[in-house]
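This report describes one protein chain for a reader who is new to structural work. Please keep the sequence and the three-dimensional view at hand while reading.

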Amino acid sequence: MSAERLGNIADILSRGSCLTEDPELFFPVGSKDPNIANALKICGGCDVRQLCLDWAMLKPQQDGIWGGTTPEERIRVRREERERSLGFTTTTTTANALGTPKEQF
Ligand code: SF4
């Protein structure tokens, strides 16, 4: 999906479940921050989760919770996609690597 089709992130976020939440929840400090679980739960009920995730993967966003994923999950998927594009075989696809937020609990 192109950036033009996705629109801008401000529009996506204006329709997101995080709109009325504390933004700091979505920018945890380290991978053990307890805010991560809360942010992922909020993303799990968000109507624009897929758009948000597509945007975060396309830009790409290095920090924060976007589209129900952590930075580490997005890095792993990007690495797997790069390996696949170079002809390495992997057993995971982007879709099942990220799963849905509900599957992450
Ligand atoms: S998926 Fe998460 S970060 Fe993205 S708009 Fe929805 S609640 Fe906000």
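## A question to begin

Which residues does Trp55 touch, not counting residues up to four places away in sequence? Trp55 touches Leu6, Ile9 and Ile12. Two residues are in contact if their C-beta atoms, placed from the backbone, lie within 7 Å.

## The model and its confidence

This is a predicted model, in which local features need pLDDT of at least 70 and side-chain atom pairs count only at pLDDT 80 or more, while totals for chains, interfaces and linings use all residues. Residues are numbered from 1 along each chain as its sequence is written.

The pLDDT, which is the predictor's confidence in each residue from 0 to 100, averages 87 over the chain, and 83% of the residues score at least 70. Among the elements of the chain, α3 has the highest mean pLDDT (97), whereas helix α6, residues 94–98, has the lowest (59). Where pLDDT is low, the predicted coordinates should not be read in detail.

## Overall architecture

The chain contains 6 helices and 0 strands. Helices (H or I, at least four residues) and strands (E, at least two) are DSSP runs, numbered from the N terminus. The order of elements from the N terminus is α-α-α-α-α-α.

Of the 105 residues in the chain, 24% are buried. A residue is buried if 20 or more other C-beta atoms lie within 10 Å of its own, exposed if 12 or fewer, and partly exposed in between, with C-beta atoms placed from the backbone. Among contacts in the chain with a separation of 6 or more, 52% are between residues 24 or more positions apart.

## The nonpolar core

A nonpolar core is a set of buried Ala, Val, Leu, Ile, Met, Phe, Trp, Tyr and Cys residues joined through C-beta atoms within 7 Å. The largest such core has 15 residues, and those with the most contacts inside it are Ala39, Cys43, Cys52, Trp55, Ala56, Ile65 and Trp66. The elements that give two or more residues to this core are α3 and α4. Helix α4 gives the most, with 5 residues.

In α3, the buried residues are Ala39, Leu40, Ile42 and Cys43. They lie on the same side of α3 because they cover an arc of only 160 degrees around the axis, the arc being that of the directions from the helix axis to the C-beta atoms. An α-helix has 3.6 residues a turn, so residues three or four places apart point the same way. The buried residues of α3 pack against α4.

## Two leucines of helix α4

Leu53 is found in helix α4, and this residue counts as buried because it has 23 C-beta neighbours inside 10 Å. Leaving aside neighbours within four places in sequence, Leu53 is in contact with Trp66, Gly67, Gly68 and Thr69. The C-alpha atoms of Leu53 and Thr69 are separated by 7.5 Å, although these residues are 16 residues apart along the chain.

Leu58 also has its place in helix α4. With 13 other C-beta atoms within 10 Å, Leu58 is partly exposed. Its C-alpha atom is separated by 9.5 Å from that of Leu6, 52 residues apart along the chain.

## The surroundings of the ligand

The ligand is surrounded by 16 residues, of which the closest are Gly16, Cys18, Cys43, Cys46 and Cys52. The elements that give two or more residues to this shell are α2 (9–14), α3 (35–44) and α4 (49–58). A residue is near a molecule if its C-beta atom, placed from the backbone, lies within 6 Å of it.

The shell divides into 11 nonpolar, 4 polar and 1 charged residues. Here Ala, Val, Leu, Ile, Met, Phe, Trp, Tyr, Cys and Pro count as nonpolar, Asp, Glu, Lys and Arg as charged, and the others, Gly among them, as polar.

## Two loop positions

Arg15 lies in the loop between α2 and α3 and counts as exposed, with 12 C-beta neighbours inside 10 Å. Leaving aside neighbours within four places in sequence, Arg15 is in contact with Asp47 and Val48.

Pro60 is placed in the loop between α4 and α5 (71–85). The peptide bond from Lys59 to Pro60 is cis, with omega near -20 degrees. Most peptide bonds are trans.
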